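Let's walk through this fold together, one question at a time. Have the model open beside you as we go.

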Amino acid sequence: MDPLSDIVALLRPTAAIAKPISGRGRWGVRYGSYDAPGFTVVLTGEAWVTLGDRKPLRIAEGDFLLLPTTPAFSLCSEPDVPCVPAEPLAEAVRHGEQQGEPDFVALGGSFSIETINAPLLLALLPNAIHIPASAGRGTRFGRVIELLSEECVADYPGRELIIQRLLETLLVEALRWDIIGNNAASAGLLNGLRDPAMARALRAIHEDVRARWTVADLAGIAGMSRSGFAARFNEVMGCAPIEYLARWRIAIAKQALMSGAKSLDRIADEIGYESASAFSTAFSKRLGCSPGRFARRHATPAVSGGSLA
């Protein structure tokens, strides 16, 4: 698979929470941070989102906002409205005036992801991806938004299942949107995949993680000098080439150890280590525990995070 498909497959995202969010009049709420992807799709009206100390971001009908790792944020009807502390809920939320037709309606929630590799892999993604309706209109992304909006207001059999699958599709489309160049990405995987030279090197790593890659090998694939490639990779990806390779190998190993279906010898061979001993040493040095101990501790299912609401 390509690098993006690899990352998504390892995270195994599912739409854990998807709920209506509405508001009327003047209102504002503030939520704490949580380490899970949060999202919102605006169905009607507009609101303002403030992430940490950033400037308020206006989100309006047809907009999609994805926060791969959700920082503390506020959601309000206007930028200057005082915000009250709130806790994420799994059910529908109504802000502001409780009577009358809402002037803001959205679908918000979070994705459940595989928690073991989440810190490593989410660090490779941007802090936020905002796709305005004007940018998505007429595109594949815009068509998925339209289908999702239709399902939200309809009462067809299988509605909840369809909404979940459409949200999972939106997640991948949003990440791909960023790669194509419609959003200013920070250092990380998406930024690397939009750089043709870096993308060639990344694809090579993901296609053959067993290979004994050197910086010179990867530089040749990228069509650059060794020093130029190393500097560019670090700038674009936020880490050195061999460090990225090591992180990816360990991520694959952690997933294999959790499943318990492979021996240490097989795992070591599949991710490019000469022996189980060499793999165990590298694993222990990076994680502070042996592969066996890790497997016993972490053979657990994914857990859900909070919601962007």
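Q: Over how many bridges do S3 and strand S6 (residues 64–67) pair?
A: Before we count, a word on the source: this is a predicted model, where local features need pLDDT of at least 70, side-chain atom pairs count only at pLDDT 80 or more, and totals for chains, interfaces and linings use all residues. Residues are numbered from 1 along each chain as its sequence is written, and side-chain values use heavy atoms, with hydrogens and water left out. Helices (H or I, at least four residues) and strands (E, at least two) are DSSP runs numbered from the N terminus, and two strands pair if DSSP finds at least two bridges between them. S3 and S6 pair in the antiparallel sense, and the number of bridges is four.

Q: In what order do the six strands of the open sheet with S9 and S11 run?
A: The pairing in this sheet is mixed. Strand S9 (93–96) and strand S11 (129–131) each have a single partner strand, so one side of each lacks a neighbour in the sheet. From one strand to the next, the twist averages 20°, where angles run from 0 to 180 degrees between N-to-C directions and axes are lines fitted to C-alpha atoms, for helices over the stretch in contact. The order is S9-S1-S10-S3-S6-S11.

Q: How many of the nine residues of strand S10 (residues 104–112) are buried?
A: S10 pairs antiparallel with strand S1 (residues 14–24) over nine bridges, with Ile-21 opposite Ala-106. S10 is also joined to S3 by six antiparallel bridges, one of them between Phe-39 and Gly-109. Buried here means under 20% relative accessible area, exposed over 50%, and partly exposed in between (1.4 Å probe, protein chains only). S10 is mostly covered, and the number of buried residues is eight.

Q: Which strands stand at the edges of the open sheet of five strands?
A: The order in this sheet is S5-S4-S7-S2-S8, with mixed pairing. Inside that order, strand S2 (residues 28–31) and strand S7 (residues 73–76) run antiparallel and are joined by four bridges, with Gly-28 partnered by Cys-76. Two strands have a single partner each, so one side of each is left without a neighbour: S5 (57–60) and S8 (84–85).

Q: Which residues does Leu-170 touch, not counting residues up to four places away in sequence?
A: Contact means heavy atoms within 4.5 Å. Leu-170 is among the residues with the most contacts inside the largest core. With that sequence limit, Leu-170 touches Val-41, Phe-64, Phe-141, Val-144, Ile-145 and Leu-148.

Q: At what angle do H10 and helix H12 (residues 276–287) pack?
A: In helix H10 (residues 241–259), 14 of the 19 residues are buried, so H10 is largely enclosed by the rest of the structure. The contact with H12 includes Ala-246 and Ile-250 of H10 and Phe-279 and Phe-283 of H12. The two helices are roughly perpendicular, because angles of 65 to 115 degrees count as such, while under 35 is roughly parallel, over 145 roughly antiparallel and the rest oblique. Their axes are 11 Å apart, and the angle is about 100°.

Q: How far apart in space are Asp-103 and Gly-45, C-alpha to C-alpha?
A: Asp-103 sits in the loop between S9 and S10 and counts as partly exposed, at 41% relative accessibility. Its contacts beyond four places in sequence include Gly-23, Thr-44 and Gly-45. Asp-103 and Gly-45 are 58 residues apart in sequence, and their separation in space is 5.6 Å.

Definitions and conventions:
Core = buried A, V, L, I, M, F, W, Y, C linked by side-chain atoms within 4.5 Å.
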